[in-house]
Amino acid sequence: MELDESNRPSSSDADAHAPGQFVLEAPAKPTGNDIPDGGLHAWMQVLGAFFLVFNSWGLVNSFGAYQTYYETALLASSTSSAISWIGTVQAFLLIIVGVMSGPFYDRGYIRTLIVLGTIMTVFGMMMTSLASRYWEIFLAQGLCVGLGLGCLYVPSVAIVSTYFSTKRALAVGLTSAGGSLSGILYPIIFRRLQPSLGFGWATRIIAFIVLATQLISLTILRARTIPNEPRALLEPAAFKEAPFALFTLGMFFFLTGLYAPYFYVPVYAERIIGTSPDFAFYLLAIINAGSFVGRVLPPLIAHRLGPYNTLLPCVFITGIIGFAWMSVHSLAGIVVFSIFYGFFSGAVLALPPTVIVALSPDVRFAGTRIGMAFGAAGFGVLVGNPIVGAIVDIPRGRFAGAQAFAAAMMMAGSILLLGSRILRLRSHKDRMM
């Protein structure tokens, strides 16, 4: 299923993206004519990439619905920390496998990656629907689905930039919004269907939706660039540059705490505030609705203010909102928290790739640096929620320690990111970065 030589894409020429959000790194080299920057065929690529993001980061963003169900029903005998490993391993594999699959994308295996990712994701969800024990769900939903999502990662972020120039921000923003839209829809679908059809069929219906939308992507996506050579996976010398090293370390700490509300807000609302189970599930959709706006609007603002200047207020505000979560004890409060946390956390997931491009001396190798930064920071995603799950005591309603840990990790990451910005200013004086 290898593409023709004239159609091979390049992840090094396209913009690479961060977890949950996607911004492109450098203009792709056209094979013949100028970049289309619009037209039916180009916008169809946006639609195809939209559904890849819809089913990759969308499933990760929706895991909070499963976390709550597992804790209260199917895996009630398992600890919150053990259950959260399922979702965090899924997200970690999306990032790591996505980074490692870049060279295969560069060699033209886009359709192979999409087909393999679709098969593994749908198969994993189907097996999840049949599972009843922890290790079965971990293998199916954590490992199998995670590996499948990793195969979809690079195609979802690398194609759109090759079709747009002046309209690239709009095209990439629309593409990246797919993860938030499915983060709204999938929890609602699961919650509405599970009581009447059962866990198995609710999960199988989500798997069928994944299959149907993936077939759209497979049908319409076409690459239009050819790389001079596949990008390298590593550039160790980059970590000798203090701004880049501090930025990577900052993102590690920040991502360690970032996903705690996505996993635990529903159960917090039900146990502490006393909302109905239905409304608790909808809070996850509210967070993702805020994230939908946060992933589109701030990247557009960043074109005027600079990506780092836009990112820094967002990371500090997200950390402050994380601490504010500890004082939320009303229905109105948890709704407001969910909206604002979703918005600013969505912005934080959207902007880092653009910052890494700006930190790169040569944008031709920015894809490698994005992969390195988020490969390292991805370990924060892996360990963060299990630690939060080990601290929280759901039966006794004790969430404060876990909330403080998550917020403290985000604030620590924010301080490191500020340090990276200061060092960059001292060496380059690029105030509009």
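Reader: Which residues does Ser420 touch, not counting residues up to four places away in sequence?

Author: In this predicted model, the place of Ser420 is in helix H15, which covers residues 400-428. Leaving aside residues up to four places away in sequence, the residues that Ser420 touches are Pro243, Leu246, Phe247 and Tyr308.

Reader: Is Ser420 buried or exposed?

Author: A residue counts as buried when its relative accessible area is under 20%. The relative accessibility of Ser420 is 0%, and therefore Ser420 counts as buried.

Reader: How far apart in space are Ser420 and Leu249, C-alpha to C-alpha?

Author: Along the sequence, Ser420 and Leu249 are separated by 171 residues. In space, taken from C-alpha to C-alpha, the distance between Ser420 and Leu249 is 9.7 Å.

Reader: Which residues does Thr248 touch, not counting residues up to four places away in sequence?

Author: Thr248 is found in helix H8, made of residues 242-258, and with a relative accessible area of 5% it is buried. Once residues up to four places away in sequence are set aside, the contacts of Thr248 are Phe239, Ala373, Ala376 and Ala377.

Reader: Are helices H11 and H13 parallel or oblique to each other?

Author: Two packed helices are described by the angle between their axes and by the distance between those axes. For H11 (residues 307-324) and H13 (residues 352-359), the axes come within 9 Å and cross at roughly 135°. An angle over 145 degrees would count as roughly antiparallel and one from 65 to 115 degrees as roughly perpendicular, so the relation of H11 to H13 is oblique.

Reader: How many residues in the contact of H11 with H13 are nonpolar?

Author: The crossing of these two helices, H11 and H13, is left-handed. On the H11 side the residues are Pro307, Tyr308 and Leu311, and they meet Pro352, Thr354 and Val355 in H13. Divided by type, the residues of this contact include no charged residue and one polar residue, while the number of nonpolar residues is five.

Reader: Among contacts between residues at least 6 apart in sequence, what percentage join residues at least 24 apart?

Author: The protein as a whole has 15 helices and two strands, and buried residues make up 60% of its 433 residues. Among its contacts between residues at least 6 apart in sequence, the share that joins residues at least 24 apart is 85%.

How values were computed:
Residues numbered from 1 in each chain as written. Predicted model: local features only at pLDDT ≥ 70, side-chain atom pairs only at ≥ 80, totals over all residues. Heavy atoms only, no water. Axes fitted to C-alpha atoms, helices over the stretch in contact; angles between N-to-C directions. Helix = DSSP H or I, 4+ residues; strand = E, 2+ residues; numbered from the N terminus. Parallel < 35°, antiparallel > 145°, perpendicular 65-115°, else oblique. Left-handed = near helix turned anticlockwise from the far one by under 90°. Contact = heavy atoms within 4.5 Å. Nonpolar A, V, L, I, M, F, W, Y, C, P; charged D, E, K, R; others polar. Buried < 20%, exposed > 50% of the residue type's maximum accessible area, 1.4 Å probe, protein only.
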